[in-house]
Amino acid sequence: QVQLVESGGGLVQAGESLRLSCAASGSISGIVDMHWYRQAPGKQRELVASISSGGSTYYADSVKGRFAISRDNAKNTVYLQMNNLKPEETAVYYCRYYSDFDVSLGDYWGQGTQVTVSS
């Protein structure tokens with residue numbers, strides 16, 4: 001089992017920044033990919049960013065150039081630096097532990113952290 005705990009959410013004004021953290025514990029594999037998703041009210045959950053164990057990254061087009069995902073394998077923690085936030089990015093942000101190249105590693109989600117961006 002793997003437990004994921006997100007933190008760092010909050011209320012900010014448009015244009016400001018937040019840094020989210022996701023701490024993993026339990027039977028962790030160092031080779032797993034880590035992801036950040038978000039779900040706004042009334043909308044489907046969407047992938048925001050991903051990072052492989054080797055540091056390769058993926059970003060949704062809507063966040064490229066403003067968000068940065070990183071990981072500290074020694075601390076079993078993944079981060080999402082979010083800059084120049086927009087009101088439409090108000091959502092619950094979730095961390096996910098999953099690799100499609102090896103589903104036997106498991107598929108785990110955190111409880112989410114609320115990000116609210118006021119205009």
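Which hand does the link of Cys22 and Cys95 have about the S-S bond? The link is left-handed, with -80° about that bond. This is a predicted model.

**The disulfide**
- The structure holds one disulfide.
- Cys22 and Cys95 form it, with their sulfur atoms 2.1 Å apart.
- The pair links distant parts of the chain, 73 residues apart.
- Cys22 lies in strand S3, while Cys95 lies in strand S9 (residues 91-97).
- A disulfide is a covalent bond between the sulfur atoms of two cysteines.
- Cys22 has a relative accessible area of 1%, so Cys22 is buried, as buried means under 20%.
- Cys95 also counts as buried, because its relative accessibility is 0%.

**Strand S3 and its partners**
- Strand S1 (residues 2-7) is joined to S3 by six bridges, and the two run antiparallel.
- Across that pairing, Leu4 stands opposite Ala24 in S3.
- S3 is also joined to strand S8 (residues 77-82) by six bridges, again antiparallel.
- Here Ala23 stands opposite Thr77 in S8.

- Setting aside neighbours within four places in sequence, Ser29 is in contact with Tyr97 and Leu105.

Definitions and conventions:
Residues are numbered from 1 along each chain as its sequence is written. This is a predicted model: local features need pLDDT of at least 70, side-chain atom pairs count only at pLDDT 80 or more; totals for chains, interfaces and linings use all residues. Side-chain values use heavy atoms; hydrogens and water are left out. Contact means heavy atoms within 4.5 Å. Two strands pair if DSSP finds at least two bridges between them. Helices (H or I, at least four residues) and strands (E, at least two) are DSSP runs, numbered from the N terminus. A disulfide is a pair of cysteine sulfur atoms within 2.5 Å. Buried means under 20% relative accessible area, exposed over 50%, partly exposed in between (1.4 Å probe, protein chains only).
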